Amino acid sequence: MRKLLLAAAAVAIIASPGIAAAQSPLVIKFSHVVAEKTPKGQAALKFKEEAERLLPGKVKVEVYPNSQLFGDAKEMEALALGDVHFISTSLSKFDKFTKKVQLFDLPFLFEDNAAVDRFQASADGKALLKSMESKNFLGLAYWHNGQKQMSANKALIAPGDAKGLKFRIQQSDILASQFQTLGATPQKLAFSEVYQALQVGTVDGQENTWSNILSQKFHEVQKHFTETNHGVIDYMVLVNAKWWNGLPKDVRDGLSKAMDSATKTNNEVAEKLNTEARAKIVASGVTTIHTLTPAQRAEWQKAMKPVWAKFEGEIGKDLIAAALKANTAKTN
Ligand code: SIN
């Protein structure tokens, strides 16, 4: 953490407004860990297109998908150092920096993607975008991906079926607890390492969205998927706050507009890409997708519920209540 703060201070000095203004065009690096044919991959390309259209000759956006430039382990540090300017990171990967954003990892918190959307648009949701500002990370937007599905090489129909298995998880203590509660063993692994870990059996199972599963071919190395919809993978688009605030106003305004368009594109295509990915996985015929009955799903919900009590102190009861409100009503 100390290293990150020092790096963030260094980039603030290097990227002063005067220097940023002198660069023409300003090269902006956008790094992410997923494939281009995913909601985030499409949105990053839209951001490039719009930024270069709105700021001709002033900015050049280079998008690096698939962990080409930085993977999970390095992208926050790279942002602090100014080696990359935009990242769009899964909300499950911030628990080193804030416990609040881990809210999104609570199993079965949101009823559907519309509820996630309502919460993110609320005052409480928007405040989380600024929750890491003291560490010099500023969230500009949320981007949706969608609901997670669980897989293994055996059918996971009842929560007890997960017992004794090892599951790959993202960098999140809540997700670790979610699998421990089931009697399973969680293993934190970078996204780029998951396919191989599943293939060679370092882990037995995983949880992810259909678009990530298809684009990484996880279905080719997992015999059974269960449509659990037990949690969400969404993203926060982050910049280095001092770099961002030091940009000339016209550039910052143009980039903000480009971000609005990219967010709109992302959120328009997310559900569609996940539905299409699911259909392609079914058509591939290489794996089986199990759909849970409402009673079976309720069993998973009950089995994972103890995780909430364990983390409500760190996340805050009020924040959890605000998220739950988004399930039923239009929020503030
Ligand atoms: C991502 O969608 O950015 C990756 C999520 C994961 O690590 O599973």
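Modeller: We begin with secondary structure: helices (H or I, at least four residues) and strands (E, at least two) are DSSP runs, numbered from the N terminus. Glutamine 170, for instance, is found in the loop between strand S6 (166-169) and helix H7 (173-181). Residues are numbered from 1 along each chain as its sequence is written, and side-chain values use heavy atoms, with hydrogens and water left out. This is a predicted model, in which local features need pLDDT of at least 70 and side-chain atom pairs count only at pLDDT 80 or more, while totals for chains, interfaces and linings use all residues.

Colleague: Is glutamine 170 buried or exposed?

Modeller: Buried means under 20% relative accessible area, exposed over 50%, and partly exposed in between (1.4 Å probe, protein chains only). Glutamine 170 counts as buried because its relative accessible area is 4%. Glutamine 171, also found in the loop between S6 and H7, is partly exposed because its value is 41%.

Colleague: With which side chain does the side chain of glutamine 170 make a polar contact?

Modeller: A polar contact is a pair of N or O atoms within 3.5 Å; within protein, one must be able to donate a hydrogen and the other to accept it, and residues adjacent in sequence count only if both atoms are side-chain atoms. The partner of glutamine 170 is the side chain of serine 92, at 3.4 Å. A second case involves threonine 38, in the loop between strand S1 (26-31) and helix H3 (39-54). A polar atom of the threonine 38 side chain lies 2.6 Å from the backbone oxygen of alanine 35. Threonine 38 counts as buried because its relative accessibility is 1%.

Colleague: Which residues surround the ligand?

Modeller: A residue is near a molecule if one of its heavy atoms lies within 4 Å of it. Here the ligand is surrounded by Val33, Val34, Lys40, Lys93, Arg168, Gln170, Phe191, Asn208, Asn212 and Tyr235. For the classes, Ala, Val, Leu, Ile, Met, Phe, Trp, Tyr, Cys and Pro count as nonpolar, Asp, Glu, Lys and Arg as charged, and the others, Gly among them, as polar. The shell accordingly divides into four nonpolar, three polar and three charged residues.

Colleague: Where does the ligand sit?

Modeller: On a 1 Å grid over the protein atoms alone, a cavity is a set of points where a 1.4 Å probe fits but cannot get out. A molecule sits in a cavity if more than half of its atoms lie within 2 Å of its grid points. By this criterion, the ligand sits in the largest cavity.

Colleague: How is the backbone angle phi to be read, and what is phi of serine 67?

Modeller: Most residues other than glycine have a negative phi. Phi of serine 67 is near 60 degrees, a positive value in a residue other than glycine. Serine 67 lies in the loop between strand S2 (59-64) and helix H4 (75-81), and is buried because its relative accessible area is 17%. Asparagine 229 also has a positive phi, near 45 degrees. Its place is in the loop between strand S9 (224-227) and strand S10 (232-240). Asparagine 229 counts as partly exposed because its relative accessibility is 27%.

Colleague: How many residues apart in sequence are glutamate 268 and histidine 144?

Modeller: Separation in sequence and separation in space are given together. Glutamate 268 and histidine 144 are 124 residues apart in sequence and 9.2 Å apart in space, C-alpha to C-alpha. Glutamate 268 is found in helix H11 (residues 249-284) and is exposed because its relative accessible area is 52%. Glutamine 171 and valine 61, in turn, are 110 residues apart in sequence and 28 Å apart in space, again C-alpha to C-alpha.

Conventions:
On a 1 Å grid over the protein atoms alone, a cavity is a set of points where a 1.4 Å probe fits but cannot get out, and a pocket is an open set with protein on both sides within 12 Å along at least five of seven lines; lining residues have an atom within 4 Å of a point.
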